[in-house]
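Subject: Structure handover and notes

Hello,

Here is the structure you asked about, handed over together with its sequence. Please open it before reading on.

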Amino acid sequence: MTRIVIPPLRLHPGQQAIEASTARFKVINCGRRFGKTLSSLEWLLFAPGGSAIEGYPAGFFAPTYQLMLEVWKDAERTLRPVTRKSNKTENRIELVTGGVIDFWTLQDDGAGRGRKYSRVVIDEAAHARYLQEAWERAILPTLTDYRGSARIISTPNGLNYFHTLYQLGNPANPRRLPDWESFTFPTLANPHIRPEEVQNMRAILPALVFAQEYEAQFVTFGGNLIRSEMLIDAPCPPHLPVSLGVDLAISSKEGADFTAIAALARDPESGIVYVKEVERGRWQFHEAQARIKAAAARHRPKLIAVEQTQYQAAMVQELLRTTTLPVRGIRPERDKVTRFAPLLTRFEQHQVRLDPAGVPAAVRDELLAFPEGEHDDCVDALAYAWAALGMGQGGYVAAGQRVF
């Protein structure tokens, strides 16, 4: 009979406090790199009292396929000695003990419907678009048969449904539910993270972004992250190298999002960032392609960073097939505020200049309304262009690299 010895995970004090709780539902609100995913996966697979290794069914849910895939790989590798069947197509691992682990993405609000689980983990729950629908209509009912348990873990993302679930077990909430317990830990609760690294992030990131991402605070981003005094006009010097960022819209119908193309340059001596040109429009596929080519002809960019998710991947492939342009697809992994944070810091430091010849009023209005405005396509395009400049990476973005 195959035997596998699982060395116990060495938990730091914050993780130990979570494990010591007997609550059925735990909402774990943590800063980046706290170690929430690793310890929760360990609980799902191995902790006594209902784990997959003991023969129980378990479910792991993530907001996107990319986030789910990384955890799938870790689990598949760890469980290989006791795996009876592994199906990557179905994202399912069956163990010789009878246990089963299903991996789901929450891009579908019906993920997990019809299954029954002893334990579930919802990873990065605050970034799941359909979290409320999935939890109430699909995931929570899967726990009925076994009277199962759940861990809902995330870095916060404003006051969305993850915040609502947090309140159900918040120790400060007089109406907290008896089966629930919520936890908050900043990044530095993980003793393996160097304090100076977090302090470097404090100096680089906008204050609200740092509070959310590293201090695990529930904050709201009003529509005044960029104020009018930060929008400084100046023509872009002609000798500076340019990078392009492209945010693609799926639909060209009236009222839909825009496709936006942004040209960005940076003076290496002064550190000033120049928004040389931004254009947006509701263009069909071939017109959008022609616009990208035309922008490339005007600016001769060092790199063109194009958002690459589903529909957008076809644009990247077509440009690579039909042109010699330096096109790279990038996959945004975080929310829009976090994506824009590095460039937002430069706005706050008054290190950004808008070229009046290339930046129309609609772009300025979008910047001033961000992130609560009706559209943020130009802002996303600027974030991709900034990523293409390769600031802090020693070069440009590699093909297919997840930048955010």
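The notes below go through the sheet, the helices, the aromatic residues and a few backbone details.

Please keep in mind that this is a predicted model.

The sheet

The strands E3-E4-E5-E2-E6-E7-E1-E8, in that order, make up an open sheet of eight strands with mixed pairing. Its edges are strand E3 (83–87) and strand E8 (180–185), each of which pairs on one side only. From one strand to the next, the twist averages 10 degrees.

Inside the sheet, strand E6 (residues 119–122) runs parallel to strand E7 (residues 149–154), and four bridges pair them.

Helix H3 (residues 65–79) lies across E2, E3, strand E4 (92–95) and E5. The angle between H3 and E5 is also given as about 165 degrees.

Which residues of H5 are buried? They are Tyr 161, Phe 162, His 163, Leu 165 and Tyr 166. These buried residues of H5 pack against E1, helix H4 (131–142), E7 and E8.

Helices H11 and H12

The axes of helix H11 (residues 361–369) and helix H12 (residues 377–389) come within 8 Å and cross at roughly 85 degrees. An angle of 65 to 115 degrees counts as roughly perpendicular, and H11 and H12 are therefore roughly perpendicular to each other. On the H11 side, the contact is made by Val 363, Glu 366 and Leu 367. On the H12 side, Asp 377, Cys 378, Val 379 and Leu 382 take part.

The loop between H11 and H12 holds Pro 371. A cis peptide bond joins Phe 370 to Pro 371, with omega about 5 degrees.

Aromatic residues

A pair of aromatic rings is described by the distance of the centres and the angle of the planes. The whole structure was searched, and 15 aromatic pairs were found. In one of them, Phe 61 and Trp 104 have ring centres 6.3 Å apart and planes at 10 degrees, so this pair is stacked. Phe 61 belongs to strand E2 (residues 57–62) and Trp 104 to strand E5 (residues 100–105), so the pair links distant parts of the chain, 43 residues apart. Phe 61 is buried, at 0% relative accessible area, whereas Trp 104 counts as partly exposed at 21%.

Tyr 166 and Phe 218 form a tilted aromatic pair, with 5.2 Å from centre to centre and 55 degrees between the planes. This pair, too, links distant parts of the chain, and its members are 52 residues apart. Tyr 166 is in helix H5 (residues 161–168), and Phe 218 is in the loop between helix H7 (207–213) and strand E9 (232–233). Is Tyr 166 buried or exposed? Its relative accessibility is 9%, and buried means under 20%, so Tyr 166 counts as buried. Phe 218 is partly exposed, with a relative accessible area of 23%.

Ring pairs also link Phe 25, Trp 135 and Trp 180 into a cluster.

Phe 258 has charged neighbours. The charged end of Arg 280 sits over the ring of Phe 258, 4.0 Å from its centre. Arg 282 lies over the face of Phe 258, also at 4.0 Å from the ring centre.

Trp 283 is in the loop between strand E12 (273–281) and helix H8 (285–299). Trp 283 is buried, with a relative accessible area of 7%. Trp 283 and Ile 250 are 33 residues apart in sequence, and their C-alpha atoms are 9.3 Å apart in space.

Backbone details

Arg 33 is not a glycine, yet has a positive phi of about 65 degrees. Arg 33 lies in the loop between E1 and H2 and is exposed, with a relative accessible area of 62%.

Asn 91, likewise not a glycine, has a positive phi of about 55 degrees. Asn 91 is placed in the loop between E3 and E4 and is buried, with a relative accessible area of 12%.

Regards

Note on methods. Residues are numbered from 1 along each chain as its sequence is written. This is a predicted model: local features need pLDDT of at least 70, side-chain atom pairs count only at pLDDT 80 or more; totals for chains, interfaces and linings use all residues. Side-chain values use heavy atoms; hydrogens and water are left out. Helices (H or I, at least four residues) and strands (E, at least two) are DSSP runs, numbered from the N terminus. Buried means under 20% relative accessible area, exposed over 50%, partly exposed in between (1.4 Å probe, protein chains only). Rings of Phe, Tyr and Trp (its six-membered ring) pair if their centres lie within 6.5 Å; planes under 30 degrees apart count as stacked, over 60 as edge-to-face and the rest as tilted. A charge sits over a ring if NZ of Lys or CZ of Arg is within 6 Å of the ring centre and within 35 degrees of the ring normal. Two strands pair if DSSP finds at least two bridges between them. Axes are lines fitted to C-alpha atoms, for helices over the stretch in contact, and angles run from 0 to 180 degrees between N-to-C directions. Contact means heavy atoms within 4.5 Å. Angles under 35 degrees count as roughly parallel, over 145 as roughly antiparallel, 65 to 115 as roughly perpendicular and the rest as oblique.
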